[in-house]
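Subject: Structure handover

Hello,

Here is the structure you will be taking over. My notes on it follow below.

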Amino acid sequence: MSGQSSALAKLANFVDKISTAVNKFTHSISGVLLFFIMCLTVVDVCGRAFFNSPITGTVDMTKLSIAIIIFFSLGFTQMKGEHLEIDFITSKFSKRAEALYLALLNFVMCIVIALLAWQMFIYGLNTSPGEFSGDFRLIPLKVIIILVAFGALTFTISYLSTALKYLLKVVENK
């Protein structure tokens, strides 16, 4: 059992390192995009109020950026364990039963989000390169959809990492 536990620990550590690196990177991009849309909105409001000249495409850029920001931050939030949890039932479980339940739950979520990412990638690849958002016709929607799918993929990896950590707790705490 010790050899299996050791192999599982190595796998959990490897997946955690990948998850941490990728999710920190995407979360940093989210921060930059958030700063960008904040500046864009301030300039747009000032331009509209003082010069009666708003920036064309501000609403579109904000919508597209928010989609990327959300999906690029989900994995980081999962990795940090900052999603809302309701644990009044699981708190009554033994430590091992709770770890097993959480391992299974995180594996199920990993599969669900992986299916979501897969279908988003397919949708993004099948989207016509000539499809653009409303007013701002610079960035093809295909690029945005694929970026959002990549964010879902990083979210999947963070669920896998969490599931492996809980599974390791189950194996180590006989």
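A salt bridge here is a side-chain nitrogen of Lys or Arg within 4 Å of a carboxyl oxygen of Asp or Glu. Please keep in mind that the model is predicted.

Salt bridges

Searching the whole structure turns up 2 salt bridges. One of them joins the side chains of aspartate 44 and arginine 48, at 3.2 Å from N to O. The two residues are 4 residues apart in helix 1, so about one helical turn separates them. Aspartate 44 is buried, with a relative accessible area of 7%, while arginine 48 counts as partly exposed at 46%.

Lysine 165 and aspartate 16 also meet through their side chains in a salt bridge, at 3.1 Å from N to O. Lysine 165 belongs to helix 4 (residues 141-172) and aspartate 16 to helix 1, so this pair ties together parts that are 149 residues apart in sequence. Lysine 165 has 36% relative accessibility and counts as partly exposed.

Serine 19

Serine 19 is also worth a look. Its place is in helix 1, which covers residues 2-51. With 1% relative accessibility, serine 19 counts as buried. Leaving aside residues up to four places away in sequence, serine 19 touches Met79, Ile157, Ser158 and Ser161.

Helix 2

How far apart are the end C-alpha atoms of helix 2? They are 32 Å apart; the 23 residues of this helix (residues 58-80) should span 33 Å at 1.5 Å a residue, which agrees. Helix 2 does bend, by about 30° at leucine 74. Just after helix 2 comes glycine 81, with a positive phi of about 70°.

Helix 3 and the surface

Leucine 125 lies in helix 3 (residues 95-126) and counts as exposed, at 55% relative accessibility. Apart from residues up to four places away in sequence, leucine 125 touches Lys142 and Ile146. From leucine 125 to alanine 149 there are 24 residues in sequence and 11 Å in space, C-alpha to C-alpha.

Tyrosine 101 is found in helix 3 as well, and its 39% relative accessibility makes it partly exposed. Tyr101 is one of the residues in a nonpolar patch on the surface, together with Ile86, Phe88, Ile89, Phe93 and Leu105. The accessible area of the patch is about 630 Å².

Regards

Key. Residues are numbered from 1 along each chain as its sequence is written. This is a predicted model: local features need pLDDT of at least 70, side-chain atom pairs count only at pLDDT 80 or more; totals for chains, interfaces and linings use all residues. Side-chain values use heavy atoms; hydrogens and water are left out. Buried means under 20% relative accessible area, exposed over 50%, partly exposed in between (1.4 Å probe, protein chains only). Contact means heavy atoms within 4.5 Å. Patches are made of residues with over 30% relative accessible area and no salt bridge: like charges are joined within 9 Å, nonpolar side chains (Val, Leu, Ile, Met, Phe, Trp, Tyr) within 5 Å. Accessible areas come from the Shrake-Rupley method with a 1.4 Å probe; for residues, only the protein chains shown count as cover. The expected span of a helix is 1.5 Å times one less than its number of residues. The bend at a residue is the angle between axes fitted to the seven residues ending there and the seven starting there.
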